[in-house]
Protein chains: 2
Amino acid sequence: MARPLRHNGRTLRHTSQRDAIRDAFTAAGRPLGPREALELARKRVPALGVATVYRAINQWVEAGWLVPVLLPGEPARYEQAGKHHHHHFRCRRCGGVFEVEGCPAGLRKMVPRGFKLESHDLVLAGLCAQCA
Amino acid sequence: MARPLRHNGRTLRHTSQRDAIRDAFTAAGRPLGPREALELARKRVPALGVATVYRAINQWVEAGWLVPVLLPGEPARYEQAGKHHHHHFRCRRCGGVFEVEGCPAGLRKMVPRGFKLESHDLVLAGLCAQCA
DNA sequence: ATAGATGCAAAGGGTTTGCACTTGA
DNA sequence: TCAAGTGCAAACCCTTTGCATCTAT
């Protein structure tokens with residue numbers, strides 16, 4: 001049988017609140033902030049507290065099940081790890097964040113000589129299909 | 001003679017504290033966070049309060065004299081406007097932030113149909129020449 | 001039984017705001 | 001004069017932490 005997720009050597013337990021939070025992330029299909037995750041999970045566990053959400057998220061990040069999605073100027077969002085490389089598009093009207101496929105070309109050309117490019121982060125912005 | 005900067009139709013006045021804050025930005029030659037600007041300006045105006053710095057920065061941003069430099073996962077920094085379009089490279093070893101010239105190609109190809117692309121934000125990461 | 005999880009409330013950063021007072025034009 | 005700016009403290013938002021309690025294993 002499968003080994004449970006671990007965090008600093010501790011076993012991560014299964015509880016109704018964590019189930020609800022986890023399902024919020026798997027069902028969302030888009031990066032969620034702690035607040036959003038809290039509100040979604042509260043539909044199932046109304047008494048859920050903020051701290052629990054933050055603790056769960058932080059453990060899952062360290063355990064490698066979630067990855068932070070950091071958009072410039074905004075608090076962190078999180079999404080399931082293991083997706084293939086992608087970037088994000090932020091709608092300036094509704095604030096929604098969407099995944100976009102592909103990658104820009106010519107990144108290496110931009111790197112100053114002597115620098116070593118290891119990763120990149122791209123955020124497109126404008127209007128989503130709903131708001132356009 | 002030159003028209004003074006304006007903000008929402010109000011004239012922006014000249015005071016010793018604002019002079020000190022402004023000079024911190026012009027002298028720095030790199031993006032400053034509010035805290036850094038405060039500390040630099042306090043060398044000249046020791047009694048300077050945080051609120052004054054935030055109010056000055058926000059007015060200058062709206063007046064177009066400063067632009068925010070937003071790096072993913074970090075509080076906003078600000079720099080003088082008017083620089084030519086550029087992006088940033090952040091060194092994961094020394095934490096330094098560098099400007100890089102140019103722009104990636106093929107951004108429009110990444111935009112989902114129906115979406116309207118208005119701007120983009122790119123952060124390269126890796127090792128700078130010093131740390132490589 | 002007991003390590004791990006929870007909720008609450010307090011505490012910490014960063015940023016904004018209300019208010020009475022000061023100051024530049 | 002008097003609108004704009006200032007300092008202080010309180011208020012906010014987001015996130016973390018201490019603690020007593022609860023619960024999965």
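How many helices and strands does chain A have? In this predicted model, chain A has 4 helices and 7 strands. If you walk along chain A from the N terminus, the elements come in the order β-β-α-α-α-β-β-β-β-α-β.

Two packed helices are described by the angle between their axes and the distance between the axes. In chain A, H1(A) and H3(A) pack at an angle of about 65 degrees, and their axes are 10 Å apart. The crossing of H1(A) and H3(A) is right-handed. On the H1(A) side, the contact is made by A:Gln17, A:Arg18, A:Ile21, A:Arg22 and A:Phe25. H3(A) brings A:Thr52, A:Val53, A:Ala56, A:Ile57, A:Gln59 and A:Trp60 to this contact. Sorted by class, the residues of the contact between H1(A) and H3(A) are 6 nonpolar, 3 polar and 2 charged.

Next, turn to chain B. Here helix H1 (residues 16-28) and helix H3 (residues 50-63) pack at an angle of about 65 degrees, with 10 Å between their axes. The crossing of H1(B) and H3(B) is right-handed. Among the residues that make this contact are B:Ile21 and B:Phe25 of H1(B), together with B:Val53 and B:Trp60 of H3(B). The contact of H1(B) with H3(B) counts 6 nonpolar, 3 polar and 2 charged residues.

While you are in chain B, find B:Arg44, which sits in the loop between helix H2 (34-42) and H3 of chain B. Leaving aside residues up to four places away in sequence, B:Arg44 touches B:Asp19, B:Ala20 and B:Asp23. With B:Asp23 there is a polar contact of 2.5 Å between the side chains. For a sense of distance, compare the position of B:Phe115: it is 71 residues from B:Arg44 along the chain, and their C-alpha atoms are separated by 49 Å.

How do the two chains sit relative to each other? Two copies of a chain are related by a rotation about an axis and a shift along it. Chain A can be laid on chain B by a turn of 178 degrees and a shift of 0.2 Å along the axis, with an RMSD of 1.4 Å. The two copies are therefore related as by a two-fold rotation axis. If you want to find that axis from chain A, go to A:Pro72, whose C-alpha is the nearest to the axis in that chain, at 1.7 Å. The copies also meet through the same surface, because 100% of the interface residues of chain A are also interface residues in chain B.

With the protein in view, we can move on to the DNA. Which residues come nearest to DNA strand C? Of the 22 residues around DNA strand C, the nearest are A:Arg13, A:Thr15, A:Gln17, A:Thr52 and B:Tyr54. Sugar and phosphate make up 67% of the atoms of DNA strand C that come within 4 Å of the protein. Some contacts show this in detail. An N or O atom in the side chain of A:Thr15 is 2.7 Å from a phosphate oxygen of DNA strand C. For A:Gln17, a side-chain N or O atom is 3.0 Å from a sugar or linking oxygen of DNA strand C. The side chain of B:Arg13 has an N or O atom 3.1 Å from a base nitrogen of DNA strand C. The surface near DNA strand C has 8 nonpolar, 8 polar and 6 charged residues.

The last stop is DNA strand D, which is surrounded by 23 residues. The closest of them are A:Tyr54, B:Arg10, B:Thr15, B:Gln17 and B:Thr52. Of the atoms of DNA strand D within 4 Å of the protein, 69% belong to sugar or phosphate, and the rest belong to bases. A side-chain N or O atom of B:Thr52 is 2.5 Å from a phosphate oxygen of DNA strand D. From chain A, a polar side-chain atom of A:Asn58 lies 3.2 Å from a phosphate oxygen of DNA strand D. B:Arg55 reaches a base instead: one of its polar side-chain atoms lies 3.0 Å from a base nitrogen of DNA strand D.

Notes. Residues numbered from 1 in each chain as written. Chains lettered and ligands numbered in written order. Predicted model: local features only at pLDDT ≥ 70, side-chain atom pairs only at ≥ 80, totals over all residues. Heavy atoms only, no water. Axes fitted to C-alpha atoms, helices over the stretch in contact; angles between N-to-C directions. Helix = DSSP H or I, 4+ residues; strand = E, 2+ residues; numbered from the N terminus. Left-handed = near helix turned anticlockwise from the far one by under 90°. Contact = heavy atoms within 4.5 Å. Nonpolar A, V, L, I, M, F, W, Y, C, P; charged D, E, K, R; others polar. Near = heavy atom within 4 Å. Polar contact = N/O pair within 3.5 Å; in protein donor to acceptor, adjacent residues only side chain to side chain. Least-squares fit on C-alpha atoms with pLDDT ≥ 70 in both.
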